[in-house]
2 protein chains.
Amino acid sequence: MNGAVALDRIRIVLTRTSHPGNIGAAARAMKTMGLGRLVLVRPEVFPDPVADARASGALDVLEGAKVVDSLADALGGTVLACALTARRRELAVPARWAREAALEAVASTSVGEVALVFGNETSGLSNEELALCGMPVMVPANPAYSSLNLGAAVQLMCYELRMAAMAPGDAPYLAGQPASFDEVEGFFGHLEHAMIDSGFHDPDNPRRLMPRIRRMFGRIRLEREEVGILRGLLSALEKKT
Amino acid sequence: MNGAVALDRIRIVLTRTSHPGNIGAAARAMKTMGLGRLVLVRPEVFPDPVADARASGALDVLEGAKVVDSLADALGGTVLACALTARRRELAVPARWAREAALEAVASTSVGEVALVFGNETSGLSNEELALCGMPVMVPANPAYSSLNLGAAVQLMCYELRMAAMAPGDAPYLAGQPASFDEVEGFFGHLEHAMIDSGFHDPDNPRRLMPRIRRMFGRIRLEREEVGILRGLLSALEKKT
């Protein structure tokens, strides 16, 4: 399945959020990772200008947010609900780490809708809320200070969902046009000629000089423009000698 | 090498940060993932109560932060500097995705210190700053809206560093004590007796009833307390019939 379609089948559910700024931060975090469906269970303050400000360019996510009265309403129609929990507590089922849970969540979108549920900033999810969710999820964190804020937790989970849903493709490398084989060989020929001409290189006593030169320039994968610069420099030096 | 030692060899460098709140958010994000070394290159406002407030329980990271005059000063003694960049631009060397870069950064801590460098909130890193860093790094994001805020970018990178440095161990499952073989068998014996006694189960015409029962309860991996509850229920039902 297309990764964007998978992400579109995942809703982020925030229950009983106290601070509207965190709702805005969550919307922004979602959109940066390509998620757009936000469900709010009894938010204390919403809509609110503070949420709008923190959402920055993700106002559309806030405007499309559904506000509902109960977590059960928010989970209607889902086949998997993941519950983010920070505390180690008695759990009815084994918790998954964030990365593993994201893989399962994305896989589950092929059979239906998925929810990720985040509790109140201070108290987290209640036991009743947790019981409605099939899969407790934890973000690996420093045991001495695991106090991720709500926006940060949403950001990390949405990032893992995107990583699970999308092959990110090649890392960007928008440098110049690579030099062709012929251009690189033309440079080596030019260089060898200049080395011989200057007396630096004696073809009858080569000392593995050219293989060493090739190895050195081979490692940097020359670009066309760079070959031009190097050959220009060679020509200038040749004129001088 | 110990994962915590690896994380201790990685410094987070923020250059020309405009908003003190973002410095505080970065400190909090670092500490949640077990990083503690923060270097600030010409911050606009620091120290500041807004930074302290956003740092929450990570005040120690702010208090230990080094403030320096130039990125070169911040990178002194490092063997690898990763530069976070959001824009696709002409890069001297190929960029890595966050996850791959985190693996390389952690691996490099075995030979020396490592820096992750984050630019100004609005303008990012300058070309001069980027040129001082060996490895451009990008966080995979929604191409239509890749506007991660500074705290979120630091959070994601520190999370990936922690994931690269630490085997997270088993996912937490602090449920009750699992029932022993004997306890589970005791339950099955009790159940079979009750089924026969009630006339529900005829051992001479078993219809694969017991294997089905075993399969069902086997999937639950009963806990000691649960066996107690089930047997108590059985006893109560037996008395009634």
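Helices (H or I, at least four residues) and strands (E, at least two) are DSSP runs, numbered from the N terminus.

**Ground rules.** I noted that this is a predicted model, in which local features need pLDDT of at least 70, side-chain atom pairs count only at pLDDT 80 or more, and totals for chains, interfaces and linings use all residues. Residues are numbered from 1 along each chain as its sequence is written, chains are lettered from A and ligands numbered from 1 in the order in which they are written, and side-chain values use heavy atoms, with hydrogens and water left out.

**Positive phi.** I looked up A:R42 and found it in the loop between β2 and α3 of chain A, with a positive phi of about 40 degrees although it is not a glycine. A:R42 is partly exposed, at a relative accessible area of 45%; here buried means under 20% relative accessible area, exposed over 50%, and partly exposed in between, using a 1.4 Å probe and protein chains only. In chain B I turned to B:R16, in the loop between β1 and α2 (20-32), which is not a glycine either and has a positive phi of about 50 degrees. B:R16 is partly exposed, with a relative accessible area of 22%.

**Cis peptide bonds.** I found that the bond from A:F46 to A:P47 is cis, with omega near -5 degrees, and that A:P47 lies in the loop between β2 (37-41) and α3 (49-55) of chain A.

Three bridges join β4 (residues 78-84) to β7 (residues 135-138), which run parallel in chain B, and B:L84 stands opposite B:V137 in β7(B).

**Helix α8 of chain B.** Contact means heavy atoms within 4.5 Å, and axes are lines fitted to C-alpha atoms, for helices over the stretch in contact, with angles from 0 to 180 degrees between N-to-C directions. Since 15 of the 16 residues of α8(B) are buried, the helix is largely enclosed by the rest of the structure.

**Beyond β4.** I placed B:T85 in the loop between β4 and β5 of chain B, and at 7% relative accessibility B:T85 counts as buried. Leaving out residues up to four places away in sequence, B:T85 touches B:P136, B:V137 and B:M138.

**Cysteines.** I counted zero disulfides over all chains, a disulfide being a pair of cysteine sulfur atoms within 2.5 Å. The sulfur of A:C82 is 8.2 Å from the closest cysteine sulfur, in A:C133, too far for a bond, and A:C82 is buried at a relative accessible area of 1%.

How values were computed. Pairing = 2+ DSSP bridges.
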